[in-house]
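Hi,

Here is the structure I promised to pass on.

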Amino acid sequence: KTGAPLLSVQNLDVKYGAVHAVSGVSFEVRAGEIVGLIGPNGAGKTTVIDAVTGFAPATGAVLLDGKDVSDLRPYRLSRRGLGRSFQDVELYDDLSVVENVTVGAARGHESSAVAVSERVRTVLDTVGLGEVADAEVSTLSQGRRQLVSVARVLVSSPKVALLDEPAAGLDSSESRWLGDRLRAARDAGTSILLVDHDMELVLTICDRVVVLDLGRVIACGTPEEVRSDEAVISAYLGLP
Ligand code: ATP
């Protein structure tokens, strides 16, 4: 079901002064995959996303669809098909769901207003927000708010969407719902790199999982392989 590498991260390295936040990280996201990026607090997950999307200074290489995009600025990467969401959801509370998602569509894509509006509706249906499309965002549950920010990424039709903790603050039923919606998005053609602390979500919906600890990849494989990996188990031991 999966295909060629869409996103290839090679030997990524990020230093913040004396802090070596990411060391020699390599992994791929192939067409049709949801890849999980997990690890204990401070492991470097957000830094990897920041480096890949041009928000953090890094060495190494990032290839999107086989082309080197390592030195591109964030907005150019977004035009090339690399979408991302941020850890803290920033939505326009007094605007509707449609309006919030349209903000994402307006970025970088030169389409007619009608085409944008159709695209927004399609994405809202994919993530299950069709029924609340015209509701003000302030009236939504936390789970639905997170979905609005996911929809805002998907609406630019990224080849790969990098999602930073979309399940933060969700209860287990909201998180399962989000998982189903992310699978629907993948099946509709968007490959996903998913950073999240919700292990059940990650191990349930991901095709492959990359595990970071102290800035390095300590394991990579199917959810089953990663779950039983000694290095992974010991990295997580002692966590609350
Ligand atoms: P969490 O799960 O807590 O979000 P994470 O795996 O996303 O953690 P990062 O936020 O990427 O981890 O942080 C990795 C390391 O880099 C940490 O030691 C962190 O303190 C450090 N770090 C991150 N951003 C900066 C920055 N802007 N300046 C200095 N150090 C930073």
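**Around the ligand**

A polar side-chain atom of Lys 45 sits 2.7 Å from an oxygen atom of the ligand. I'm counting that as a polar contact, meaning a pair of N or O atoms within 3.5 Å; within protein, one must be able to donate a hydrogen and the other to accept it, and residues adjacent in sequence count only if both atoms are side-chain atoms. Thr 46 brings a polar backbone atom to 2.9 Å from a ligand oxygen, and an N or O atom in the side chain of Thr 47 is 2.5 Å from an oxygen atom of the ligand. Taken alone, the ligand exposes 630 Å², and the protein buries 60% of that (Shrake-Rupley areas with a 1.4 Å probe; for residues, only the protein chains shown count as cover).

Before you go further: this is a predicted model, where local features need pLDDT of at least 70 and side-chain atom pairs count only at pLDDT 80 or more, while totals for chains, interfaces and linings use all residues. Residues are numbered from 1 along each chain as its sequence is written, and side-chain values use heavy atoms, with hydrogens and water left out.

Helices (H or I, at least four residues) and strands (E, at least two) are DSSP runs numbered from the N terminus.

**Helix 1**

Why is helix 1 largely enclosed by the rest of the structure? Because seven of its eight residues are buried: Lys 45, Thr 47, Val 48, Ile 49, Asp 50, Ala 51 and Val 52. Buried means under 20% relative accessible area, exposed over 50%, and partly exposed in between (1.4 Å probe, protein chains only). Just after the helix, Gly 54 takes a positive phi of about 85°.

Four strands form an open antiparallel sheet in the order 2-1-4-5. Strand 2 and strand 5 are at the edges with a single partner strand each, so one side of each has no neighbour in the sheet. Two strands count as paired if DSSP finds at least two bridges between them.

Strand 1 (residues 5-16) runs antiparallel to strand 2, with eight bridges joining them; Pro 5, for instance, has Arg 30 as its bridge partner. The two make a hairpin with two residues between them, and Gly 17 in the turn has a positive phi of about 60°. Strand 1 is also joined to strand 4 (residues 59-64) by five bridges, again antiparallel. There, Val 9 stands opposite Val 62 and Gln 10 opposite Ala 61.

Asn 11, in strand 1, has a positive phi of about 55° although it is not a glycine. Asp 65, another non-glycine, has a positive phi near 55°. Asp 65 lies in the loop between strand 4 and strand 5 (67-68) and is partly exposed, with a relative accessible area of 38%.

Cheers
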